[in-house]
Structures are given as C-alpha cells and as structure tokens.
Amino acid sequence: MNQQNPTSPRATDDDRVAVDDHVRVFDTTLRDGEQAPGFSMNRSQKIRLAHALEELGVDVIEAGFPQASPDDFAAVAQIAGELRRSTVCGLSRCLPGDIETTARALEKAKSARIHLFLSTSPLHREHKLGMSKQQVIDTAVDAVRRARALCDDVEFSAEDALRTEHDFLAEIFSAVLDAGAVTLNAPDTVGYTTPTEVAELFAWLRANVRGAERAVFSAHCHDDLGLAVANSLAAIGAGARQVECTINGIGERAGNAALEEIVMALRVRAPHYAVDTRIDARRLYPTSRLLSRLTGQALPRNKAVVGENAFAHESGIHQHGMLKHRGTYEIMRAEDVGVPPSRLVLGKHSGRHALRQRLEELGYTPDEDRLGVIFDAFKQLADRKREIHDGDLEALALGRDPDQPGPWRIEQLHAASHLRGGASASLKLRHDDGREVSEAAIGDGPVDAVVRAVERATGEALPLTDFRILSASEGGDAQGQAVLVVDREQRQWCGHGWSTDIVEAAALAALDVANAIARDHARQTRKTPAAKVVNA
Ligand SMILES: CC(=O)SCCNC(=O)CCNC(=O)[C@H](O)C(C)(C)COP(=O)(O)OP(=O)(O)OC[C@H]1O[C@@H](n2cnc3c(N)ncnc32)[C@H](O)[C@@H]1OP(=O)(O)O
Ligand SMILES: CC(C)C(=O)C(=O)O
Ligand SMILES: [Mg+2]
C-alpha cells in the first residue's frame with residue numbers, strides 16, 4: 001500500500017500559539033456514527049438524540065449530510081430549527097450544490113456551521129479525486145468562500161490529513177483560513193496514526209499554518225487500530241481545541257473516538273491535561289443508553305465508562321477492597337457519569353465479605369457457622385450459574401432450592417407456532433401461598449406468546465427491552481440460556497432461564513423477572529435497606 005511517510009518537523013515551545021483551556025466537543029454521532037452499517041436512525045430518532053446531545057452539553061452537533069438524501073436534509077433542518085444552545089452543523093462536499101443545500105438546511109439554526117471536507121493525501125488526490133495539489137487548494141478555497149457567503153462559521157476538514165505531506169497540509173490550511181474558515185480539522189480518516197505522530201503534527205501545524213492564532217485546530221480520529229481516543233488526547237495535548245467524537249464510539253468501520261472516554265480522561269486526569277470540556281458528565285450514561293436503544297445495538301459489557309461492567313465487581317479480593325474504600329478499584333464514581341451506583345456482582349469469584357454484606361442488605365444476619373454453610377452452597381451454585389441474584393441468595397439463606405426461588409413456579413407449559421405467522425401459549429403456575437393460575441396468550445412468535453402468558457398469570461407487566469438466547473453448553477442437546485431484560489419503574493430487571501427448549505428457557509426467564517419484581521415488592525413492604533457500596 002502506498003503509505004505516505006511525511007516528515008515530522010517539530011515545533012519548539014517558542015513557536016507555539018497560545019491556546020485556551022476549553023476543548024470544544026463536536027459530536028458526529030448523527031453523521032459519521034449514523035453512516036456506519038447497523039446504526040442508521042429515522043428522523044424522529046435523530047431528533048430525539050439531538051436533544052439529548054444538547055442536554056449533554058455538546059458544543060457542536062453534526063446533524064447530518066443534507067445533500068445525502070431528502071430525509072437527511074429534513075432531519076438537519078428540523079434539528080436546526082429546534083436546538084437553541086448547541087451549534088448545529090451540516091457536512092458538505094466542496095461542491096456549490098452541496099453548499100447551497102447545506103446552508104438551506106441550516107437556515108433556522110440559532111447557531112449554524114457548514115463543515116466542508118476535501119481529501120488532501122496523495123492516495124486520495126490521485127486515485128479518488130484525480131486532482132493535482134493546486135486543484136485541491138483551488139477547490140477548497142472556492143468552497144470556503146461560497147460557504148462563508150452563506151454562513152459565518154465554516155469548518156474545513158482535510159480528509160486523510162494524517163497521510164498528507166505536512167507542508168501541503170499547512171499550505172491548504174493557510175489558504176482556507178485566509179478564505180474565511182474558522183476551524184481547521186485534521187482527520188485521521190483511516191485510523192492510521194499513533195499518539196506520538198499526531199502530537200507532532202498538531203504542534204507543527206500550530207507553528208506553520210499562516211494565521212494559526214485565529215484558528216481552532218480540531219482532531220477527528222478513527223479507531224481502526226484501537227487508538228482513536230489515545231490519538232485524540234495526544235492531539236489535545238499538542239493544542240487541538242476541538243475534538244470530533246461520537247457516543248459509544250460508533251462510526252465508520254471500527255468507529256470514531258468515543259466521546260465519553262475523552263471527556264472522562266480529561267476529567268479524571270485533570271492535572272495532567274489541564275483542559276476541560278463543557279459536558280455534563282452525569283448525562284453520559286443516559287445518552288449512551290438512549291443511543292443503544294434507538295439503534296438496537298447493545299454495548300459490550302466491558303465498554304469503558306458506560307459498559308455494564310464499568311462499575312461492577314465480582315471477584316472477592318476486589319469486593320473486599322471496595323467495601324473498605326471504593327478508590328481501591330475505581331478511578332471515577334459511577335454516579336458522576338450517570339451510572340447507577342457501583343454494584344458488587346456475586347458470582348463464582350466472590351468471597352465471604354461481599355456475601356455477608358449482600359445478605360445483610362437483604363435483611364439476613366447469619367452467624368459465622370451459618371455463613372460458612374451458605375457460602376459453600378453459594379459457591380456450588382455459582383459454579384453452575386454465571387451470576388447469583390438476590391432471589392438465589394434469599395433461597396440459600398432460607399434453606400430453599402435456589403433454582404426455584406419463587407414465589408411463582410411453572411407447573412405446565414404448552415406453546416405452538418401457527419402456520420401463517422403468530423403463536424399461542426398456555427401455562428399453569430403455582431404460587432407459594434397455594435394459588436394456582438392457568439392462562440393463555442397469543443403473540444408474534446412462541447417466545448412473545450409465552451412472555452404474554454406469564455404477564456397475565458402473574459399480573460406483572462413485562463415490557464421487554466432485550467431478549468437473547470445464549471448457548472450454555474455444547475452438543476446436540478445443548479442447554480440454551482434465555483436472557484430477558486425488562487425496563488419498569490425506572491429500573492432494569494434481568495431474568496435468566498435454562499433449558500434445552502428455548503421456549504421453556506424464555507418462559508423461565510420471564511418468570512424469573514416476574515418473581516424478582518414480586519419479591520422486591522414484598523421486600524419493600526418489609527422496608528429492607530437498598531444495596532450500596534461504601535463511600536470513597
Ligand atoms: C470520510 C467521510 O466520512 S466522508 C462522508 C461520507 N459519507 C457519505 O458518503 C454518506 C452520504 N453520501 C451519499 O449519500 C452519496 O455519496 C452522495 C449523495 C453524497 C453522492 O452520491 P453520488 O453523486 O451518486 O456520488 P458517489 O457517492 O457515487 O461518488 C462520490 C462523488 O463525490 C466526489 N467527492 C467525494 N468527496 C468530495 C468532496 N469532498 N468534494 C467534492 N467532491 C467530492 C467524488 O469524486 C465522486 O464524484 P463523481 O461522481 O464526479 O465521480
Ligand atoms: C468528513 C471527515 C471529517 C471524516 O469523517 C473523516 O475524514 O473521517
Ligand atoms: Mg470520519
């Protein structure tokens with residue numbers, strides 16, 4: 001591959017242009033994020049996310065690429081008309097038609113930006129655009145002038161900047177700055193650069209672009225080598241004062257730099273970076289969850305800052321430390337990024353300290369001998385199940401069979417799929433208090449029907465936000481694990497069911513949630529204190 005190896009002259013400290021300590025957050029979830037396969041959103045979803053981004057405190061929202069389609073135009077126009085605090089930006093090629101369309105889409109914005117881009121690297125100039133260096137400069141300058149005639153705030157991006165010759169990059173940035181651009185973006189379009197290289201480039205540009213003191217330099221890093229956040233931070237360290245990023249790091253190919261990671265790196269390591277954004281970090285988790293829900297794309301559990309495991313601890317040694325002082329194993333507080341308080345997950349790696357703490361929170365105070373018996377049973381159970389839930393613990397504490405924590409148990413189940421779509425299910429449940437209930441329901445498929453039947457029989461609404469079947473063992477008679485997530489009363493309930501029959505696994509998972517809700521209501525009547533991790 002024809003990789004450029006541009007020289008990397010270094011700027012001396014004396015050459016540097018003074019910069020302020022505000023890093024502008026330019027969010028491109030609705031443009032670069034949305035253009036990646038699997039992440040497209042309809043207009044009303046985009047509007048919803050745009051409002052959430054404004055609430056989050058994003059400085060600039062790239063709302064779309066108005067020339068791309070009538071719907072993209074309409075979404076950008078509606079976002080421009082509705083937002084009042086964030087600048088609304090539209091992406092545009094360096095073509096008169098694109099620029100006019102983008103300006104029209106932004107007409108109603110309180111604060112608007114046209115974002116022009118044109119490739120500058122030799123590979124793109126030669127093979128993609130078929131343009132000489134001079135043609136690239138002339139096209140960019142002409143476009144910036146046209147855009148400035150329609151909008152005061154114009155950003156220019158040199159696409160594939162990180163594989164562009166440094167002196168050509170400085171030349172084109174100087175020219176577009178003269179023509180009226182305000183923000184100069186040097187994107188690592190293909191995620192090729194490294195932190196050292198990107199820092200050298202930004203320092204060099206600040207020293208060598210004519211009029212650099214008037215410009216805001218911007219970084220836009222892709223994650224092809226998993227370096228997007230590190231590269232963005234390195235650019236900020238070298239004077240970039242705008243960072244382009246996306247919620248959950250979604251974006252073209254491996255994605256863009258994750259907004260929540262950059263924001264929290266700058267905040268957690270504040271003395272190191274000495275700059276900050278205006279993001280309300282407590283909105284990070286809700287915004288991340290909203291995006292996942294809108295796109296239907298779940299996050300990996302171990303995703304930094306906003307993943308399910310980011311503030312969860314299962315291993316005994318960590319839990320012991322957390323119970324003494326949470327700074328032992330956490331560098332930021334869950335509540336500061338809007339995540340519900342840290343939780344100790346009980347599983348096969350947990351120890352007695354965490355077990356005792358959770359039992360006490362549930363209202364059980366076993367003596368040392370009894371705790372030892374419960375702990376042995378807990379370890380055996382944990383070897384079979386991935387996570388131990390409160391219902392399991394209560395059953396162990398009460399000496400009941402933890403696989404059937406109740407109060408509802410399935411006595412009979414029947415489900416059938418119908419030939420031209422649809423399915424029905426009927427079941428009989430028995431309650432610990434002796435009641436027996438039989439119910440039937442229809443649904444889009446057998447899983448839907450069985451969940452509806454559990455709802456009717458238990459009287460608990462189960463609005464599903466996620467349903468998955470995982471293979472829990474191997475071979476032809478593999479056990480399936482159904483995982484079912486319900487959002488209710490501003491809480492998330494997660495149920496599990498195991499069976500070789502996936503419909504039965506789904507019924508058990510639905511019953512697991514209905515039982516957990518029923519037990520929670522019973523517990524609240526007993527006024528048991530809520531779980532918490534000891535202070536920092
Ligand atoms: C790095 C990035 O993320 S850039 C943004 C990428 N995002 C997208 O492409 C999503 C939206 N895109 C689209 O909907 C379509 O590509 C459209 C509507 C913009 C254009 O569609 P078409 O006119 O059919 O062109 P197509 O996409 O096939 O090819 C791109 C054309 O734009 C030209 N082009 C590419 N970048 C630029 C630019 N920055 N300035 C001017 N022209 C450009 C190409 O040379 C090519 O021109 P040609 O048609 O004269 O050969
Ligand atoms: C349009 C530009 C900024 C881009 O997305 C890229 O180069 O990655
Ligand atoms: Mg990009």
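Visitor: Is phenylalanine 156 buried or exposed?
Guide: In this predicted model, phenylalanine 156 is found in strand 5, which covers residues 154-159. A residue counts as buried once 20 or more other C-beta atoms lie within 10 Å of its own. Because phenylalanine 156 has 29 C-beta neighbours inside 10 Å, it counts as buried.

Visitor: How many of the six residues of strand 5 are buried?
Guide: From strand 5, Val154, Phe156 and Ala158 point one way, while Glu155, Ser157 and Glu159 point the other way, and all are buried. Strand 5 is therefore largely enclosed by the rest of the structure, and the number of its residues that are buried is six of the six.

Visitor: Over how many bridges does strand 5 pair with strand 6?
Guide: Strand 5 also pairs with strand 4, residues 112-119, in the parallel sense over six bridges, and there leucine 118 has alanine 158 as its bridge partner in strand 5. Towards strand 6, residues 183-188, serine 157 stands opposite asparagine 185. The pairing of strand 5 with strand 6 is again in the parallel sense, and its bridges number three.

Visitor: Which residues surround ligand 2?
Guide: Strand 5 and strand 6 each supply at least two residues of this shell. By class, the shell around ligand 2 divides into three nonpolar, five polar and two charged residues. By name, the residues that surround ligand 2 are Asp32, Leu91, Phe117, Ser157, Glu159, Asn185, Pro187, Thr189, His220 and His222.

Visitor: What is the largest C-alpha distance among the residues that UniProt places in the feature "binding site"?
Guide: The unreviewed UniProt entry places this feature at Asp32, His220, His222 and Asn256. Although these residues are spread over 225 residues of sequence, they cluster in space, and the largest C-alpha distance is 10.3 Å.

Visitor: With which residues is histidine 220 in contact, leaving aside its neighbours within four places in sequence?
Guide: Histidine 220 has its place in strand 7, residues 216-221, and it counts as buried because it has 29 C-beta neighbours inside 10 Å. Once its neighbours within four places in sequence are left aside, the contacts of histidine 220 are Ser157, Asn185, Pro187 and Glu244.

Visitor: Where is asparagine 256 found?
Guide: Asparagine 256 counts as buried because it has 32 C-beta neighbours inside 10 Å. Its contacts, leaving aside neighbours within four places in sequence, include Asp32 and His222. As for its position, asparagine 256 lies in the loop between strand 8 (242-245) and helix 10 (259-268).

Visitor: What distance separates the centres of domain 2 and domain 3?
Guide: The domain assignment gives domain 1 at 19-295, domain 2 at 312-398 and domain 3 at 408-526. Taken over C-alpha atoms, the distance that separates the centres of domain 2 and domain 3 is 26 Å.

Terms used
Residues are numbered from 1 along each chain as its sequence is written. Chains are lettered from A and ligands numbered from 1 in the order in which they are written. This is a predicted model: local features need pLDDT of at least 70, side-chain atom pairs count only at pLDDT 80 or more; totals for chains, interfaces and linings use all residues. Helices (H or I, at least four residues) and strands (E, at least two) are DSSP runs, numbered from the N terminus. A residue is buried if 20 or more other C-beta atoms lie within 10 Å of its own, exposed if 12 or fewer, and partly exposed in between; C-beta atoms are placed from the backbone. Domain bounds come from an automatic or database domain assignment. Two strands pair if DSSP finds at least two bridges between them. A residue is near a molecule or strand if its C-beta atom, placed from the backbone, lies within 6 Å of it. Ala, Val, Leu, Ile, Met, Phe, Trp, Tyr, Cys and Pro count as nonpolar, Asp, Glu, Lys and Arg as charged, and the others, Gly among them, as polar. UniProt positions are given in the numbering used here, feature names are shortened, and annotations may be inferred rather than shown by experiment. Two residues are in contact if their C-beta atoms, placed from the backbone, lie within 7 Å.
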